[in-house]
Structure formats: C-alpha cells, structure tokens
Amino acid sequence: MKQRIAILGATGSIGASTLDVIGRHPDRFEVVALSGGSRVEPLLAQCAAFRPRFAIMADAAAARELADRVRAEGLGTTVLAGSEALDRVVADPGVDTVMAAIVGAAGLSSCLAAARAGKRLLLANKEALVVGGDLFLDAVHAGGARLLPIDSEHSAIFQSLPEDPASWPHRVDKIILTASGGPFRARDPASLRDVTPEEACAHPNWVMGRKISVDSATMMNKALEVIEARYLFGLPPERLEVVIHPQSVIHSMVQYRDHSVVAQLGTPDMRVPIAYGLAWPERIASGASALDFASLADMSFESLDSKGHRQRFPGLQLAWDALRAAPGTTAVLNAANEEAVAAFLDRRIRFDQIHAVNLATLEAVQPSKPQALADLLALDARARQAAGVHIARLA
C-alpha cells in the first residue's frame, strides 16, 4: 500500500526536493495534499504533476486564483485556504505522513494538528520544537505520532544514535552538530556591518530559502538547531556542542561514553535526509550524488573558540542561554530573529544589528510557561511587537 503524503510548504526548497524524491518512487508514495503561501504558478505546476486531492494556500486571494486555474485545467484538486483548512487536512484519515516544511512559527499549528492525529511527522520546520518545546512533544506523545527529523544535522544524529531512545542519556556522552560557517566564516567581524542581503543569501554549500540562508550566515540557524536537538534527543544543553566543518560532508556526530564517535557523511543534498525520513526504517534512492572518497577534499574542523568565531557569530550562544532561561524563552528568541531577519532582508537594519534586535527582545519580554497553542501565539505576538519597537529605533 502506498504511503499517502501531505507536503506543507511544497513550493519551498524542501518541498521541491521532497517531490523530487517521491517522483522517483511512484510505487511507494502518493501525494495527497500540497500547501503553499501565495505563489500560484509553482503550486499549480505541482498539482498538475502529482494530482493531489487537496491544495491549500495561506493567502485567500491566491487560493481563489488557484481554484480557477485548477478547474480550467480539469485537475480535480480541491483548493482550500487558511491555517484551519491546513490543520483539517493534516489530520485527515487519508493522510499517513506529513512533511512539515513551512518556514517559521507559521507552521506550528499544523505540526501540532498532525502530532495530535498520530501522523508520521517529518519535521523540517525546526520552529515547531523551538517555539512549541514541551507542548509540542506532549502532543506527539499523546497522539502517538512518529517524529522523524529532516534537518540534515538532526537526521545525521538520529542515524548515529542507538535504536532505543531510553538508552541515549546513559550511552551518549555528547552530540556534536556540524556547521559550515556560512559565507562569512573567514570574514573580518568588523566588516559584517556592511553585508548585503545578496551576500548573506549566497551560501557556499547549500541551496536554501532567503530566511534560512541569512540564519546560516549569522549562525542563528545553528542556534535554533541546538535548541531543536535538546528537545528531539533529550540531552541537557551542556552535552550539545557545535563545531565548524566548512566542507559540509559530515552532517553531525554522536560521541559515546567510551569516546568513540559515530558520524553520518553524505553530499550536501537535502534529498538524502528527506529520502531517509520518507522510507525509514528502510533506505531508498534519493537522487543525490554519491561521495567520491578518492576525490574528496580534505575535511577540516574549527572550534568556536578559534579564529574569532565567537565575535563573528555572537548569536550562537543565545541557544544555550535560552535553554537555561524560563520556559518560553526559546519562542521569544525565534520570534525576535524572524522579525530581525525580515527587517534585514528589507534593508531596514544592518546585518550586524540582527543580534542586537534578538538581545533587546529577550531583555524586554519575560515569558511564562505556555500551556496551550493560544499561549504560544500570544507570546510570539508579544515578542514580535517588542522586536518591532527595537527595529524602528535602529531603522
């Protein structure tokens, strides 16, 4: 029987890569639902190629246009709009697996809905854990969902861990996340004030969306991944480490109590962790190129305490600070960073001011432990408002 899949954020890079993998295995997978934001043409093309039952757009006007186009082409896809429709579709009994790839806190509600419905949840939206934290994990456990990480780093960790999660705290010494260092790994920290959005989005190894590319350039992406790893794997913050590995061949590592290290290697292609998540516990062809060890360049590693990295990437430390602070602090950090990155991409603040906005927001917003989705959304709104105030002062 085919695995029936809903892809949230289908028109983004993760969504497109997921469809590429699925298209290689038509005997194994069926696309039931696709979601997008406001871009009609790419979602229409995907509907024509995969004929899903549902297409959901965040923007109502775009949904009306898509519905007209779908009807005109006789595709038979039902077009819906809004977050409530998305929540209903992911919980539909006709959906087995949900690829959660909506960028930012906007994807939280649908992730919670899929978790409560007990779906196989492929998590490419790290904000579900960064913002949702224990609330999201409680929904996963209550619904009996199967949570599989899709971020290359967390997939690598998952592949390197023992099969029994109960043994992780006792057998594992620490988790080591690798970071490429982005486009500014060797740049003079004093020159970062002059960085343009175009430079920040030019990642040396990965093809990604604009927001996540900026996060990689500041290494806030790695800060969010540290927070995600804390919730995914249950180790305390002091047993999570980051090392810079410019070649992006080793995607992350697990160091065991005996100090042996298990690492996952592969080409920097998101189709590898996507294929692993789709087929787990089996393995299927991803379409990615195989590593050629004969021609592989030397692999190098740099400590965060070397070469000025702490000064170059000050936001990374906020991961450990937020994890040790009051519950809800990680949600505040995420909201502040989303607002700051958007302001930078709009050229309202400088690249080096992203960190200043994050710090100011953390100081301005005192969270209380969220008990429900409404609490998380209210906290997210408070943090965005505080970040906006500071951005206005800088602009």
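Reader: Which element gives the most residues to the lining of the largest cavity?
Author: This is a predicted model, in which local features need pLDDT of at least 70 and side-chain atom pairs pLDDT 80 or more, while totals for chains, interfaces and linings use all residues. Residues are numbered from 1 along each chain as its sequence is written, and side-chain values use heavy atoms, without hydrogens or water. Helices (DSSP runs of H or I, at least four residues) and strands (E, at least two) are numbered from the N terminus. Both α7 and α12 (271–279) supply at least two residues of this lining, but the largest share, four residues, comes from α7.

Reader: How much space lies in the largest cavity?
Author: A cavity is a set of points on a 1 Å grid over the protein atoms alone where a 1.4 Å probe fits but cannot get out; lining residues have an atom within 4 Å of a point. Eleven residues line the largest cavity, with Ser152, His251, Gln264, Val272 and Pro273 nearest its centre. Its volume, the space filled by probe spheres on grid points joined across faces, edges and corners, is about 50 Å³.

Reader: What is the volume of the second largest pocket?
Author: A pocket is an open set of points with protein on both sides within 12 Å along at least five of seven lines. The second largest pocket has 22 lining residues, and Arg146, Leu147, Phe158, Pro165 and Trp168 lie nearest its centre. Two or more lining residues come from each of α6 (127–143), β7 (146–149), α7 (152–160) and α11 (220–233). The volume of this pocket is about 660 Å³.
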